[in-house]
Amino acid sequence: MAEADKNSDKEQIEIPDTLPVLPARDIVVFPYMILPLFVGRDVSIKAIDHSLNTNRMILLLTQKDLNIESPSPNDLYSTGTVCMIMRMLKLPDGRVKILAQGLSKAQVVKFSQHEPFFMAKIEKTAEEKPVEMTLENEALIRNVKEQMDKVVSLGRTMLPDVMVVIENIDEPGRLADLIASNLGLKTDQAQEILEMPDPIDRLRKISEILSREIQLLTIQQKIQTEARGEIDKTQREYFLREQLKAIQRELGDIDERAEEAREFRKKIEEAKMPEKVMKEAEKQIKRLEKMHPDSAEAGTIRTYIEWLTEIPWSKNTKDQLDIKTAEKILNEDHYDLEKIKERILEYLSVKKLKEKMKGPILCFIGPPGVGKTSLGRSIARSLGREFVRMSLGGVRDEAEIRGHRRTYVGSLPGRIIQGIKNAGTNNPVFMLDEVDKIGMDFRGDPSSALLEVLDPEQNNSFMDHYLAVPFDLSNVMFITTGNLTDTIPGPLRDRMEILYLSGYTEEEKLEIAKKYLIPKQLEEHGITTKILTLNDSATKQIISHYTREAGVRNLEREIANLCRKIAKQVAEGKAKRFNVTAGNLYKYLGVLKYLPEEEMKKSEIGVATGLAWTEAGGDIIYIEATIMKGKGSLTLTGQLGDVMKESAQAALSYIRSKAKKLKISDDTFSKTDLHIHVPAGAIPKDGPSAGITMATAIASALTGKPVKKNVAMTGEVTLRGKVLPIGGLKEKTLAAKRMGIKTVIIPHRNKKDLEDLPKYVKEGMNFILAETMDDVLKIAVGDGKNEASKNRRTKTSPRSKKKV
């Protein structure tokens, strides 16, 4: 674009009042501009043809929205520029190219024609009068010219001819129009300048636009300079590094790549890898030597070789095979758990006799807080091995176990190999926590990947996807933990030796608190035994009335809560010694959170004492049965599960079948409704072991004979009246013992379980072994001691009925 040097000819040109209109999409034409235009729309081509056939003049109006293909008068700005068509060229594709020169601004008065092209009646904008050149105006013109020079110096492309014309123009209006036409402004900005009548105002607007453009170009240049500096720095370092290598080669020094390869080979030799792994490592080193050290693949190979050299292929810890020392360590860390300890000592004994043996894969199943994880740590300490723990809870990606293949960016070995590397030995005790909570999704099945890890027949050549070479896991002692076996997949469960950890009894929790928890919390809170004395009665009250759990986590929290209260008072200087007893415990821990079942004051009709197992230990339940006039219906309440409801039905059917023997009239069942309730109603209950208790309560209610209050019972009943075995005998016995009940009726087939009960549990208890429901009723609803002793003599041997 350029400006016409002279305007004398234009001043003589007379502009008619009506002109054809040429809509322009994305350009605003200023007076004195000469520019080429490409025209493709039929309406615009017809307007050009009309102009060429008349006076060669046309009104150029800019569209408000350039996306509109067929604009209406409302879509065009009303102010435009009258142009003279200097040349016209028809192109092969049907378009027309014209060279137009701006003559004068004009305002559309109205559109006189819409078809086949726009014709508009215009009002020519009056010619601008020469501006008085005051100091302020002259300074403004000079400032704008300097700004243009600055814009060009910062990298903005501008034709040299245009810059020459700008330097020679002293008229503010023409200077503003010329700069605006060459800055590449947005359409709305250019149109705003075109519509401004005052030349000084236009020039001030141009000055503002130039100031912003200078700021943008300055920031842009700064960014480019910084980026160029980084590139130059990298290139400079590269050239210097290459020069250094050339100098080293000339001096006979070893280059960097050879030094790196030599270090890796030294590490491979020290790692004492298997032959197959060593061949793979050597192969990767040779590949690395041929690559550019700064390439991405070289970094991947370097990381892989580092993993191979850092894994403990031949490093192991020597097992502590002194059985007595190992037993002492296990007893120091955990109270009771005799079966678990015995299993570990058996492993050590076999290991002592046979040096090369496969590690056992143990699975500890039990409720939370019973010490499964800490037991694994103690096993590692007793063996003298490193301990590694990995939580499987929520793991859904198979790559977490087997690793990612090296084709992926940022790939790593699986967490099994990572754990072995962190342990630094190839025979740690590896604990896989929460094995019953493994997930599965589209990324694979981690439990299936664990099959190879936990199979002694396969894990001697475990293949991690990242390493792609076998690793021997047979020396690792794997221990898994979980709360339930139901959610563990069958094939995985089959590979593990499951050891069950039941909940602790009140007596066991007391010993654990005295030996482990209280000393630990006193030390953590900076309290000594001289400051705080916690007697056994207070500890028992915390166990029974402030916690209800199978483990000891909440017990430890309550003891910590007590220690904090004491520490606060000591820090405030209120007292120096505290003796906490059952009588003043509430001052520190608040009111009791859990209340036990009340002891029955007398034997009652229709109320039998049952024994139940819960995760928090054993408990007693009073099963109530009552009769009323009706039609023989049975009502069960107390939030009973399906199994317990079926037990009630079986118990009633048995009693009905023995109605004659129990001296119950035949029409009683058809005229009497029976209601069985098991408090507390808000607690869900299920299981078959309350069968004999329900049958006893029903028999008592129908015969009118009371059930002895000092007899508790547990067992499943069949329609034939047989008493089937139950579980949780230890917890149930302790529940009866806590309530002062000395006589407990258990199934005869549970006789074997009496041998496993600790001595303190059996002490003072009388276990009655019952084979049938008749045995139970004779003891619980009998007429007295003679009947009970007769039952023991006739139904079981003297050995089976003695007090244990």
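**Helix α12.** I find I340, K341, R343, I344, L345, Y347, L348 and K351 buried in α12. I keep in mind that an α-helix has 3.6 residues a turn, so residues three or four places apart point the same way. The helix runs over residues 338–353, and its 16 residues reach 23 Å from first C-alpha to last, close to the expected 22 Å. That expected span is 1.5 Å times one less than the number of residues. Helices (H or I, at least four residues) and strands (E, at least two) are DSSP runs, numbered from the N terminus.

What covers those buried residues? I get a list that includes α11 (323–333), β8 (361–365), α13 (372–383), β13 (477–482) and β14 (497–500), with contact taken as heavy atoms within 4.5 Å.

**Ground rules.** I'm on a predicted model, where local features need pLDDT of at least 70 and side-chain atom pairs count only at pLDDT 80 or more, while totals for chains, interfaces and linings use all residues. Residues are numbered from 1 along each chain as its sequence is written, and side-chain values use heavy atoms, leaving out hydrogens and water.

Most residues other than glycine have a negative phi, and most peptide bonds are trans. I noted Y32, not a glycine, with a positive phi of about 75°; Y32 sits in the loop between β2 (18–24) and β3 (33–39) and is buried at 13% relative accessibility. R56, also not a glycine, has a positive phi of about 65°. I place R56 in the loop between α2 and β4 (57–62), partly exposed at 32%. The E115 to P116 peptide bond is cis, omega about -5°, and P116 is in the loop between β6 (96–113) and β7 (119–124).

**Salt bridges.** How many salt bridges does the structure hold? I read 32, each a side-chain nitrogen of Lys or Arg within 4 Å of a carboxyl oxygen of Asp or Glu.

I looked up R204 and E136, which pair at 3.1 Å, N to O. This pair links helix α7 (199–251), with R204, to helix α3 (135–153), with E136, 68 residues apart. R204 is partly exposed at 36%, whereas E136 is exposed at 53%. I also see E136, D201 and R204 linked in a network of salt bridges.

Next I checked R202 and D177, with closest N and O atoms 3.2 Å apart. R202 is in α7 and D177 in helix α5 (172–182), 25 residues apart. Both R202 and D177 are buried.

Technical notes:
Buried means under 20% relative accessible area, exposed over 50%, partly exposed in between (1.4 Å probe, protein chains only).
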